[in-house]
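The following note sets out points for a colleague who has the coordinates open. They are numbered so that each may be checked in turn.

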Amino acid sequence: MDNMLPVSAAPSAFALRPAQSALVIIDMQRDFLEPGGFGAALGNDVSQLRRAIAPNQRLLAAWRAAGLTVIHTREGHRPDLADLPPAKHRRGDAPLKIGDAGPMGRILVRGEAGHDIIAELYPIAGEPVIDKPGKGAFFATDLHAILQNLGIAQLVVTGVTTEVCVNTTIREANDRGYDCLAVADCCASYFPEFHEAGLRMISAQGGIFGWVGNSAAIIEAISQRSDPDA
Ligand code: TIU
């Protein structure tokens, strides 16, 4: 039986069981975090998201050092756009749409530079990367099967954006029976007020979708675990 590490969180302490938990880093892609990508094409200020990079680097380093499961996701589409719903394609009044050529290649298309994960958080060998066509990481992907095969029951969720892909993924995970801990300082939105509201929606009503905590508390907990004297 895996040891249980209490992590300070809202609405109550999260009972982290490291061997049954995965760090799920949502869509930390150049298309969302760097100028010229999908986020910017939608009219957003990408600098709002960049504050989450350093906290994610610290949490990812500690999580890897403890030997725990890491999963990355990327939002994007096939080069032929056959998996792009016309409704999603039409949405927004941006001059550049999904599939159009931008400064980092075709917007939100798999295999293009902008679709890939930022260098600061790049996956290493053995860390599954989930390519997803939607906002939620479970829709039309093999994430649930991968988590089941690994015996994962808890998700520690970070990434962008708080109210869109992070929230959608946590809601999907909640309905599939996972306990989710959203990491506030490792998530970000183009809209600070949506970031705050997106987190409150998770932990409100006694944790209707899960828990909200901070990276420092998680790092402290898992560092104690890897310390033989702790
Ligand atoms: N636009 C926006 O806030 N987000 C997305 O389109 N995708 C993700 O959140 N990854």
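**Notes on the predicted model**

1. In strand S4, Ser 21, Leu 23 and Ile 25 point to one side, whereas Ala 22, Val 24 and Ile 26 point to the other, and all of them are buried. The strand is accordingly described as mostly covered, with six of its six residues buried. It should be kept in mind throughout that this is a predicted model.

2. S4 pairs with two strands. With strand S9 (residues 154-160), S4 (residues 21-26) pairs in the parallel sense over six bridges. Within that pairing, Ile 25 stands opposite Thr 158, and Val 24 has Val 157 as its bridge partner. S5 also runs parallel to S4, and the two are joined by five bridges; here Ile 26 faces Thr 73 of S5.

3. Which residues lie nearest the centre of the largest pocket? They are Phe 32, Phe 38, Leu 42, Lys 135 and Val 164, out of a lining of 23 residues. The volume of this pocket is about 440 Å³. Helix H2 (38-41), helix H5 (86-90) and helix H7 (162-175) are the elements that each give two or more residues to the lining, and the largest share, three residues, comes from H7. By class, the lining comprises 12 nonpolar, five polar and six charged residues.

4. One runs from Ala 10 to Pro 11, with omega near 5°; Pro 11 is placed in the loop between S2 and strand S3 (14-16). The other runs from Val 160 to Thr 161, with omega near -15°, and Thr 161 belongs to the loop between S9 and H7. Thr 161 counts as buried because its relative accessible area, 7%, is under 20%. Apart from neighbours within four places in sequence, Thr 161 is in contact with Leu 49, Val 166, Asn 167, Ala 188, Ser 189 and Tyr 190.

5. With a relative accessible area of 0%, Leu 108 is buried. Is Gln 205 buried or exposed? At 70% relative accessibility, Gln 205 is exposed, since the value is over 50%.

6. Phe 138 is located in the loop between S8 and helix H6 (143-150). Its relative accessibility is 6%, so Phe 138 counts as buried. Leaving out neighbours within four places in sequence, the contacts of Phe 138 are Leu 143, His 144, Leu 147, Leu 155, Thr 169, Glu 172, Ala 173, Arg 176 and Tyr 178. Of these contacts, Thr 169 is 31 residues from Phe 138 in sequence, with a C-alpha to C-alpha separation of 6.8 Å.

7. Finally, Ser 215 is in helix H9 (residues 215-226). A relative accessibility of 4% is under the 20% cut-off, and Ser 215 is therefore classed as buried. Neighbours within four places in sequence aside, Ser 215 makes contact with Pro 55, Leu 59, Val 183, Asp 185 and Cys 186.

Note on methods:
Residues are numbered from 1 along each chain as its sequence is written. This is a predicted model: local features need pLDDT of at least 70, side-chain atom pairs count only at pLDDT 80 or more; totals for chains, interfaces and linings use all residues. Side-chain values use heavy atoms; hydrogens and water are left out. Two strands pair if DSSP finds at least two bridges between them. Helices (H or I, at least four residues) and strands (E, at least two) are DSSP runs, numbered from the N terminus. On a 1 Å grid over the protein atoms alone, a cavity is a set of points where a 1.4 Å probe fits but cannot get out, and a pocket is an open set with protein on both sides within 12 Å along at least five of seven lines; lining residues have an atom within 4 Å of a point. Grid points are joined across faces, edges and corners, and a volume is the space filled by probe spheres set on the points. Ala, Val, Leu, Ile, Met, Phe, Trp, Tyr, Cys and Pro count as nonpolar, Asp, Glu, Lys and Arg as charged, and the others, Gly among them, as polar. Buried means under 20% relative accessible area, exposed over 50%, partly exposed in between (1.4 Å probe, protein chains only). Contact means heavy atoms within 4.5 Å.
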